[in-house]
Amino acid sequence: LFRSAKLQRTEAVTALLTAISSQMSLAAVGDHIRSTAHTLIHAEQSTLFMLDNATEELWSAGAQPLRLPVTVGVAGYVVTNKSLLMIPDASKDPRFHRDSDLKGGPRTRNILCAPVVTSDGTVVGALQ
């Protein structure tokens, strides 16, 4: 039976909200958030960065764990400015942190990055 794209998105968001409100670990919820967003926007890759206030770093877990100062990269810009950022050509943007591209990962062409914000307005990370 054919399901519309809108129904599929609604089901994905519902599953995500269920996961967030469950007793899952923070790492599992983070992976679920990243995976759902990745699927919904048909991204080639996605990373969930979490803010470590004690060290003023953004960190990500997964296949290529990463720690960056909050002043570095697109995610750092988004967290610092609490704003959504869309970059059509990553190679031309000075905020783009090229390390993963230089290490032989897939070439980053464009970027969509959004702050992860709690219900009280606190920025806790960025989804890129």
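Predicted model: local features only at pLDDT ≥ 70, side-chain atom pairs only at ≥ 80, totals over all residues.

Colleague: Thanks. Which residues touch the most other members of the largest nonpolar core?

Modeller: Those are L58, V74, V79, I111 and C113, in a core of 17 residues. A nonpolar core is a set of buried Ala, Val, Leu, Ile, Met, Phe, Trp, Tyr and Cys residues joined through side-chain atoms within 4.5 Å. Buried means under 20% relative accessible area, exposed means over 50%, and partly exposed is in between, with a 1.4 Å probe and protein chains only.

Colleague: And which elements give two or more residues to this core?

Modeller: β1 (48-52), α3 (73-81), β4 (85-87), β5 (111-117) and β6 (123-127) do. The largest share, 4 residues, comes from α3. Helices (H or I, at least four residues) and strands (E, at least two) are DSSP runs, numbered from the N terminus.

Colleague: Which residues of α3 are buried, and what covers them?

Modeller: In α3, G73, V74, A75, G76, V78 and V79 are buried. Their cover includes β1, β2 (57-60), β4, β5 and β6.

Colleague: What follows α3?

Modeller: K82 does, and its phi is positive, near 50 degrees, although K82 is not a glycine. K82 belongs to the loop between α3 and β4 and is partly exposed, at 45% relative accessible area.

Colleague: On to the strands. How many of the residues of β1 are buried?

Modeller: 4 of the 5, so β1 is largely enclosed by the rest of the structure. β6 is mostly covered as well, with 4 of its 5 residues buried.

Colleague: How do β1 and β6 pair, parallel or antiparallel?

Modeller: Antiparallel, over 3 bridges; two strands pair if DSSP finds at least two bridges between them. M50 stands opposite G125, and L48 has L127 as its bridge partner. β1 is also joined to β2 by 3 bridges, again antiparallel, with L51 opposite L58.

Colleague: How many residues sit between β1 and β2 in their hairpin?

Modeller: There are 4, and E56 in the turn has a positive phi of about 55 degrees. E56 is exposed, with a relative accessible area of 54%.

Colleague: What about β5 and β6, how many bridges do they have?

Modeller: They pair in the antiparallel sense over 4 bridges, including V117 opposite V123. Their hairpin has 5 residues between the strands, and G121 there takes a positive phi near 90 degrees.

Colleague: Switching to charges: how many salt bridges does the structure hold?

Modeller: It holds 4, a salt bridge being a side-chain nitrogen of Lys or Arg within 4 Å of a carboxyl oxygen of Asp or Glu. One of them is R67 with D52, whose closest N and O atoms are 2.9 Å apart. R67 lies in strand β3 (residues 66-69) and D52 in strand β1, so the pair ties together parts that are 15 residues apart in sequence.

Colleague: Where does the charged end of R95 sit?

Modeller: Over the ring of Y77, 4.6 Å from its centre. A charge sits over a ring if NZ of Lys or CZ of Arg is within 6 Å of the ring centre and within 35 degrees of the ring normal.

Colleague: Last one: which salt bridge does K92 make?

Modeller: K92 meets D89, at 3.8 Å from N to O. K92 is exposed, with a relative accessible area of 68%, while D89 counts as partly exposed at 26% relative accessibility.

Technical notes: Residues numbered from 1 in each chain as written. Heavy atoms only, no water. Contact = heavy atoms within 4.5 Å.
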